[in-house]
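This report describes one protein chain, taking a single residue as its starting point. The sequence and structure come first.

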Amino acid sequence: MTTIKLYGTPLSGHCHRVEVLLRMLGIAHEYIEASASLRATEEFGKLNPLRQIPVLVDGGLVLSDSNAIMVYLVKRYAAKTSWLSDDAVEAAQIQRWLSIAAGEVRHGPASARMSSLWNMKGEMDPVRAHEIAEKLLTVMNTHLAGREYLATSNPTIADLACYSYIAHAPEGRISLAPYPEVRAWLARIEALPHFHPMPQSAIPAAA
């Protein structure tokens, strides 16, 4: 049986969400750390011309984009689980939060964290990232009141898509203290079987 290969880096939330799903589904895989130098190679360019991570290789299939990879993994290896849904309303709710992960999460908590960790202030506006993050976290906190997960009554790939950068928002100087429902949701994700944390960065986090 061909071993699935996941190209990523430990501090990437996009990669982390895929790695967590692989572990939770019990899918054997090889993790290949894709450093900047590796991503600059011609070989990696053939896997993903945009040179972004994560990249999943499953036999003859090469797939990039973390959300697309998660959809594939569930449909291919765990179609009878609750990570996705065939119900029209639930499927729409899952897609909504996948879009939020690619939009507000990416441009809010993720961008603030990138600015702090890698001094990318010239490439992004940390003030705007904080504004987006605070609005998102306020919405999430209200949304999670009285419910356990984002999209359905069970954990789905929508939760994993949003988890990593929200959990590590303090590394971008964004405090989670004002958002108790969000913090309770994070704890529920971390308590799921086979959860694997993303490493903490070396910089001090916000309280």
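Which residues does A102 touch, not counting residues up to four places away in sequence?

## A102 and its surroundings

The model is predicted. In it, A102 touches N67 and H107 once residues up to four places away in sequence are left out. A102 has its place in helix α5.

T9 lies 93 residues from A102 in sequence. In space, the C-alpha atoms of A102 and T9 are 18 Å apart.

## Secondary structure and overall form

The protein chain contains 8 helices and 4 strands.

The C-alpha trace spans about 45 × 45 × 25 Å along its principal axes. Among contacts with a separation of 6 or more, 70% join residues 24 or more positions apart.

## Nonpolar cores

The largest nonpolar core has 51 residues. L73, I157, I166, V182 and W185 are those with the most contacts inside this core. Two or more residues each come from β1 (4–8), α1 (13–24), α4 (66–77), α5 (88–118), α6 (126–143), α7 (157–167) and α8 (180–190). Helix α7 gives the most, with 9 residues. Helix α5, one of the contributing elements, is also the helix that holds A102.

W185 touches M140, L144, E148, Y149, L150, D159, C162, Y163 and I166, again leaving out residues up to four places away in sequence. One of these, I166, is listed with W185 among the residues with the most contacts inside the largest core. Apart from this core lies another, of 8 residues, including Y7, C15, A34 and V57.

## Burial, surface and charge

Of the 207 residues in the protein chain, 47% are buried. The protein chain exposes about 10,100 Å², and carbon and sulfur atoms supply 53% of that area.

There are 19 positive and 20 negative charges in the protein chain. The mean positions of the positive and the negative charges are 1 Å apart.

Methods
Residues are numbered from 1 along each chain as its sequence is written. This is a predicted model: local features need pLDDT of at least 70, side-chain atom pairs count only at pLDDT 80 or more; totals for chains, interfaces and linings use all residues. Side-chain values use heavy atoms; hydrogens and water are left out. A nonpolar core is a set of buried Ala, Val, Leu, Ile, Met, Phe, Trp, Tyr and Cys residues joined through side-chain atoms within 4.5 Å. Buried means under 20% relative accessible area, exposed over 50%, partly exposed in between (1.4 Å probe, protein chains only). Contact means heavy atoms within 4.5 Å. Accessible areas come from the Shrake-Rupley method with a 1.4 Å probe; for residues, only the protein chains shown count as cover. Lys and Arg count as positive and Asp and Glu as negative; His and the chain ends are not counted. The place of a charge is taken as NZ of Lys, CZ of Arg, CG of Asp or CD of Glu.
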